[in-house]
Amino acid sequence: MPLNPTSLLYAVVPAAGVGKRMGANRPKQYLTLNGRPILSHTLALLLNHPRIHRVIVALGPEDGYFADLEEANHPRLLRVEGGAERADSVRLALAAIPEPEAWALVHDAARPCLSHSDIDKLLAFPGEQGAILAAPVRDTMKRANGEGGIDHTVARERLWHALTPQLFPAQALRDALTRAEQAGAVITDEASAMEREGWHPALVAGRPDNIKITHPDDLRLAQLFLASQEA
Ligand code: C5P
């Protein structure tokens, strides 16, 4: 069933991580960015998109911050408990979608600079195999030898960075994630679960400001991007 103008579209936001690489005193999705928590920016931009029916957020079992967000009691926001890995959190959120024909737009909590124009571009993709936002690799790529040196150069032709959102039929994605989990496969994005099933999702070139906040320096960059989007 292709995505059509009447398909119900759910946004799924895995936000159950602890953000170890950030080295902060709280999970990174709750760090403040331009006066509001990162997760608040992400949820608001999804809730404000006219095509999105509901937003489902997966939270950590010990989450003590979510209830304070401005969006916490939004009528179109659903919360579920996440799992041990990102893929488990996404699978558990998808289980809360009752309509078998719905589509899911999975987006990292830690990417608060996503613009509506990128969502629109993704939703306009042709085909039934799903699609992801992505960026072609610009730099020369090296495979390390594990001892601080270079083993060899990896050809960058046809190499892309996988970003989010990633867009798939909700039921097919849920089944693929379940089978991947049963097989013990390591899944770091939704597309890789679908690739295991023989799907070839479309690559949709996204804007460079849709960064994932991972390290402390990324916060400053995100501040600049948000300010320039508002200007
Ligand atoms: O750590 P990383 O930035 O790769 O996490 C990507 C997203 O997945 C984050 O939004 C994080 O909160 C989420 N996540 C999750 N459940 C986990 C681990 C990560 O929802 N168990």
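This is a short tour of a predicted model, stop by stop. Residues are numbered from 1 along each chain as its sequence is written, and side-chain values use heavy atoms, with hydrogens and water left out. Because the model is predicted, local features need pLDDT of at least 70 and side-chain atom pairs count only at pLDDT 80 or more, while totals for chains, interfaces and linings use all residues.

**The ligand**

Next, show the polar contacts (pairs of N or O atoms within 3.5 Å). A polar backbone atom of A15 is 3.2 Å from an oxygen atom of the ligand. At E85, a backbone N or O atom lies 3.4 Å from a ligand nitrogen atom. Select K212: a polar side-chain atom there lies 2.9 Å from an oxygen atom of the ligand.

Helices (H or I, at least four residues) and strands (E, at least two) are DSSP runs, numbered from the N terminus.

**An aromatic pair**

Go to W103 and F125. Their ring centres are 6.2 Å apart and their planes at 50 degrees, so the pair is tilted. Rings of Phe, Tyr and Trp (its six-membered ring) pair if their centres lie within 6.5 Å; planes under 30 degrees apart count as stacked, over 60 as edge-to-face and the rest as tilted. W103 is in strand β6 (residues 103-106) and F125 in the loop between α3 (116-123) and β7 (131-136), 22 residues apart.

**Backbone stops**

Most residues other than glycine have a negative phi, and most peptide bonds are trans. Select P165 in strand β10 (residues 160-169); the peptide bond from T164 to P165 is cis, with omega near 10 degrees. Finish at N34, in the loop between β2 (32-33) and β3 (36-37). N34 is not a glycine, yet has a positive phi of about 50 degrees.

Definitions and conventions
A polar contact is a pair of N or O atoms within 3.5 Å; within protein, one must be able to donate a hydrogen and the other to accept it, and residues adjacent in sequence count only if both atoms are side-chain atoms.
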